[in-house]
Amino acid sequence: MGTRFDALGAPIQGFAPGASNEHDDAPGHNRYRTVFISDVHLGTPGCQAVALLDFLKTHSSDNLYLVGDIVDGWQLRRRWHWPQAHNDVVQKLLRSARKGCRVVYVPGNHDEFARQFVGHQFGGIEVREEAVHVTAQGRQLWVIHGDYFDGVIQCAKWLAYLGDNLYEFTLRLNRHLNTMRGRLRLPYWSLSAFLKHKVKKALNYVTDFEAAVAGEAGRRGHHGVVCGHIHRAEMREIDGILYCNDGDWVESRTALVEHHCGRLELVEWSDSHSVLVPADHQQKEQI
């Protein structure tokens, strides 16, 4: 199954959340060849839009892939929630496209309404059913959201809606918990991420999902795949196929970046700065 690429991050230069929205890029920002983000869930109280906006300001790129669930149409249909920070994220994405960044939007299940616009452009943002990204090293990465590999989404959508409501409840509980942790000067902690890592059925689901996505990428002749959907950042090889999940901006605040040399790396945005989530140094150079 290959080696996992989970590790504690090493600090890199960054800026604290809450910076002014007047400038597109903060001083000293990092520039990459490509950035992949997914599962932002704009339109929900759990969306960490301020952190994402600061991340985008300090991590500009030539290519930006929005790998699904950027806007949460499911939640917006139930209850409208759209603060200014969510609008600022949309405006930042549009400005990036206007300034020459290639922005590709691959809708997911929560923003499936956008799939009717596949093949069109809006403000310079391309809407695609799926995409193939070629790295600077010449490797083909299949870019999809990943919900087509979720049996619950495909076979029992009502169950997916139920699970979404339970997930939102967990996030609300998590926000109250972290408010108390903040008063005690403790760092942010994700209850739902903890449950995903501890509950056996959740772990089995994640493993099956990863294997299915990587297997299909291999059958299509790609060297790897970049997806989202399960809100778990990961980068590892599965039967010779590079599986990359860029995580989310509800719990983990992570993204996948490609350096100009073609090297891929997971990046996590913390409360005070951006930190890398690197692989073992020897294996990291192979990525």
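A crossover is right-handed if, with the strands pointing away from the viewer, the path from the first strand over the helix to the second runs clockwise. The model toured here is predicted: local features need pLDDT of at least 70, side-chain atom pairs count only at pLDDT 80 or more, and totals for chains, interfaces and linings use all residues. Residues are numbered from 1 along each chain as its sequence is written, and side-chain values use heavy atoms, with hydrogens and water left out.

Select residues 30–37, strand β1, then residues 49–58, helix α1, and finally β2; together they form a right-handed β-α-β unit. Helices (H or I, at least four residues) and strands (E, at least two) are DSSP runs, numbered from the N terminus.

Next, select residues 59–66, strand β2. Seven of its eight residues are buried, so β2 is largely enclosed by the rest of the structure; buried means under 20% relative accessible area, exposed over 50%, and partly exposed in between (1.4 Å probe, protein chains only).

Now display the neighbours of β2. Seven bridges pair β1 with β2 in the parallel sense; two strands pair if DSSP finds at least two bridges between them. Thr34 lies opposite Asn63 in β2. Strand β3, residues 102–105, runs parallel to β2 and is joined to β2 by four bridges. Here Leu66 is found opposite Tyr105 in β3.

Finally, select Cys227 and Cys244. Where is the cysteine sulfur closest to that of Cys227? That sulfur belongs to Cys244 and is 8.4 Å away, too far for a bond. A disulfide is a pair of cysteine sulfur atoms within 2.5 Å, and the count by this rule is zero. Cys227 is buried, at 0% relative accessibility, and Cys244 is buried, at 0%.
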